[in-house]
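Grab a pencil and have the viewer open. Here are a few exercises to work through with the model on screen.

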Amino acid sequence: MNTLKVTKSSQNLICIEWHVRWKALNNDSSIVSIPFTMISGQNPVAFALQFRPQMSLSIYSSESGRSIVKLIVESLEKKKTSVFFFNNWALVNHFEKIGDIPSTECELRIHCSITWLGLTTDSTSQDMSELPVPSVPLDNTYNPDLYMIIENKVLPAHKLILTCHSRVLAASFATPINESGRNEIVINEVDYSTMEIILGIIYTGMTDDLDDIETALKVLKTTERYQMLTVKSVCETKLQLSIRDDNVLRFLDEANRHNASNLCNTCVEYITARNGKVLSHENLQKFAEGRPIIKAAICNLWFSLAKGLTITEV
């Protein structure tokens with residue numbers, strides 16, 4: 001038996017379930033999975049698994065990077081869960097004793113979750129620079145039918161395009177905006193430069209401005225306010241790739257404020273995988289008090305890791 005299926009796939013995250021038949025073979029025998037691919041930005045990262053009867057596992061990948069790996073191995077009525085943090089993920093990574101050696105032939109279920117935290121190579125071809133949304137053959141200044149008034153400045157746009165990206169703006173466009181016939185909308189509580197960056201992302205697909213953390217956090221807040229889900233998702237991905245020990249708690253708090261569940265889940269995974277170097281499990285629970293998005297992320301992660309948890313930094 002050698003059956004692999006992808007149970008979840010999104011930007012920088014892939015979860016698989018692999019069923020293999022364990023039996024006592026010689027030390028040179030192994031089982032190799034079919035390859036599976038994660039998308040990070042616009043870059044595919046390919047993986048494959050190799051299992052050996054001594055209960056060891058190797059993960060092969062096409063790129064080097066930073067990552068969190070969760071392994072759950074189930075055999076008969078036994079279950080072992082491990083979390084690994086890789087600050088420099090190699091092209092081949094070996095995991096020994098991922099579970100107890102069964103006393104008899106049986107089916108093993110290996111659940112593997114890989115959260116990608118960014119490449120460690122310098123290749124510019126691997127840089128996440130464009131947003132994968134349909135190209136728009138014009139810019140926001142070409143024959144606009146909408147004028148956004150922000151900080152007494154005018155930012156031109158097109159209602160049809162913004163309707164496709166913002167639920168809030170789409171609802172506001174359902175009625176005439178200005179009785180004079182000039183379609184104007186006043187945008188409050190958002191600075192001009194932030195909205196200009198968001199329009200740049202929508203119209204061109206370029207996301208370089210989000211490499212700046214402060215800018216990305218402002219965009220995250222604005223995209224949640226105006227329900228710009230596509231741009232928000234890309235912003236979360238950019239922030240996920242910027243997670244470090246010295247900013248993960250801030251990111252976690254901002255993720256809770258702006259309902260950024262993907263970013264929140266990755267921050268909780270990161271803190272857990274760091275095994276007390278950022279925050280102890282007890283203090284993480286205290287940090288989550290009054291922050292429902294964080295509490296939900298902790299419950300989901302720790303429930304999945306309920307039995308036999310070991311945490312390793314590599």
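The exercises below look at one helix and some charged pairs.

A quick note first: this is a predicted model, where local features need pLDDT of at least 70, side-chain atom pairs count only at pLDDT 80 or more, and totals for chains, interfaces and linings use all residues. Residues are numbered from 1 along each chain as its sequence is written, and side-chain values use heavy atoms, with hydrogens and water left out.

**Exercise 1.** Check the span of helix 7 (residues 261–273).

*Solution.*
- Helices are DSSP runs (H or I, at least four residues), numbered from the N terminus.
- The expected span is 1.5 Å times one less than the number of residues.
- For the 13 residues of helix 7 that gives 18 Å, and the end C-alpha atoms are 18 Å apart, so the two agree.

**Exercise 2.** Is Glu-269 buried or exposed, and which side chain does it meet in a salt bridge?

*Solution.*
- Buried means under 20% relative accessible area, exposed over 50%, partly exposed in between (1.4 Å probe, protein chains only).
- Glu-269 comes out at 10%, so it's buried.
- A salt bridge puts a side-chain nitrogen of Lys or Arg within 4 Å of a carboxyl oxygen of Asp or Glu.
- Glu-269 pairs with Lys-70 at 2.9 Å, N to O.
- Lys-70 sits in strand 7 (residues 65–75; strands are E runs of at least two), 199 residues from Glu-269.
- Lys-70 is buried too, at 10%.

**Exercise 3.** How far apart in helix 6 (residues 248–257) are Arg-257 and Asp-253?

*Solution.*
- They're four residues apart, so about one helical turn separates them.
- Their salt bridge has its closest N and O atoms 3.0 Å apart.
- Arg-257 is exposed at 57%, while Asp-253 is buried at 16%.
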